[in-house]
Amino acid sequence: MDQTKQQEEDYGYNLFPDRSKEKYSKGSIAETLFTFNHKCQVMLQFALDTSPYAKLLLGAMKSSGCTVYKDRHFSCEDCDGTVSGGFDATSSQIVLCQNNIHQQSHMNRVVAHELIHAFDHCRAHVDWFNNFKHLACSEIRAANLSGDCSFYNEVSRFNFGLKQHQQECVRGRALRSILAVRKVSKEEAEKVVDEVFDTCYNDHAPFGRIPHNNKDAKFADRDYQNRDRYYANL
């Protein structure tokens with residue numbers, strides 16, 4: 001196996017085959033005719049316009065000097081059937097799996113999840129490829145703050161009623177995300193997640209709290225927008 005192919009597998013790029021080939025030029029007529037792609041673009045725009053999670057994250061990134069542009073930083077592509085999205089740190093681009101995202105609520109969660117990775121990439125200079133703890137921390141934060149583990153979503157997965165359910169859901173989803181994109185053993189991944197879990201689980205930036213639903217996210221967005229008002233009036 002050549003080195004390039006080995007690196008693609010080691011870092012999960014084999015899950016996103018469109019990353020390594022040009023089927024058509026971006027914005028071409030051929031692209032817009034693909035039903036999945038068109039639907040993905042429409043749902044993406046709706047998420048950016050209406051999701052309080054996305055609105056807060058986009059505002060926080062802009063304040064941090066990392067303005068996000070839809071055409072530059074998002075790409076709807078076909079992916080492996082096991083993933084819904086990903087953050088490509090080499091291009092600072094969010095991949096949305098158009099063949100696996102079919103509902104608006106799912107799109108909203110994926111956009112929020114990947115924007116948290118993008119926010120971490122902007123503010124914390126994450127070493128995605130060489131520091132396993134950095135990756136684990138961002139996966140914990142993304143699972144915790146994106147709504148992935150909301151009560152509604154967990155009930156729909158028939159997961160509920162456990163003590164410390166939010167923590168267990170976050171831990172499990174972070175672990176699965178790591179195993180999907182890195183060729184490591186489950187034991188090694190669990191060890192790293194355990195090492196950083198408490199610190200990263202309690203890092204709620206930029207929300208300031210765990211947003212369990214859209215109402216929580218709206219309150220967090222309001223608080224973020226008003227964060228400097230007190231000092232401005234002194």
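A: C169 counts as buried, since its relative accessibility is 7%; the general idea is that buried means under 20% relative accessible area, exposed over 50%, and partly exposed in between, with a 1.4 Å probe and protein chains only. The structure is a predicted model, in which local features need pLDDT of at least 70 and side-chain atom pairs count only at pLDDT 80 or more, while totals for chains, interfaces and linings use all residues. Residues are numbered from 1 along each chain as its sequence is written, and side-chain values use heavy atoms, with hydrogens and water left out.

Q: What share of the 234 residues in the protein chain do buried residues make up?
A: Buried residues account for 45% of the 234 residues in the protein chain.

Q: What is the mean pLDDT of the protein chain, and what share of its residues reach 70 or more?
A: pLDDT is the predictor's confidence in each residue, on a scale from 0 to 100. The protein chain has a mean of 86, with 81% of its residues at 70 or more. Its confidence is lowest in α2, where the mean is 48, and highest in helix α10 (residues 186–201), where it is 98. Where pLDDT is low, the predicted coordinates should not be read in detail.

Q: How many disulfides does the structure hold, and what pattern do they follow?
A: A disulfide is a pair of cysteine sulfur atoms within 2.5 Å, and the structure holds five of them. With the bonded cysteines counted along the protein chain, the pattern is 1-3, 2-6, 4-5, 7-10, 8-9.

Q: Which parts does the pair of C40 and C76 tie together?
A: The disulfide between C40 and C76 has an S to S distance of 2.0 Å, and it is left-handed because the torsion about its S-S bond is about -80 degrees. C40 belongs to helix α3 (residues 35–50) and C76 to strand β1 (residues 74–77), so this pair ties together parts 36 residues apart in sequence. Both cysteines, C40 and C76, are buried.

Q: Where do C79 and C97 lie?
A: C79 is joined to C97 with an S to S distance of 2.3 Å, and this link is left-handed, with -90 degrees about the S-S bond. C79 sits in the loop between β1 and β2 (85–88), whereas C97 is in strand β3 (residues 93–97), so the pair ties together parts that are 18 residues apart in sequence. C79 is buried at 8% relative accessibility, and C97 is buried at 0% relative accessible area. The C-alpha atom of C79 is also 8.7 Å from that of N14, although 65 residues separate N14 and C79 along the chain; N14 itself is partly exposed, at 41% relative accessibility.

Q: At what angle do the axes of α3 and helix α4 cross?
A: Two packed helices are described by the angle between their axes and the distance between the axes. Axes are lines fitted to C-alpha atoms, for helices over the stretch in contact, and angles between N-to-C directions run from 0 to 180 degrees. The axes of α3 and helix α4 (residues 52–63) cross at roughly 75 degrees and come within 6 Å. Angles under 35 degrees count as roughly parallel, over 145 as roughly antiparallel, 65 to 115 as roughly perpendicular and the rest as oblique, and α3 and α4 are therefore roughly perpendicular to each other.

Q: Which residues in α3 and α4 meet?
A: Contact means heavy atoms within 4.5 Å. From α3, A47, L48, D49 and T50 meet P52, A54, K55 and L58 of α4. The residues of this contact divide into five nonpolar, one polar and two charged, where Ala, Val, Leu, Ile, Met, Phe, Trp, Tyr, Cys and Pro count as nonpolar, Asp, Glu, Lys and Arg as charged, and the others, Gly among them, as polar.

Conventions: Helices (H or I, at least four residues) and strands (E, at least two) are DSSP runs, numbered from the N terminus.
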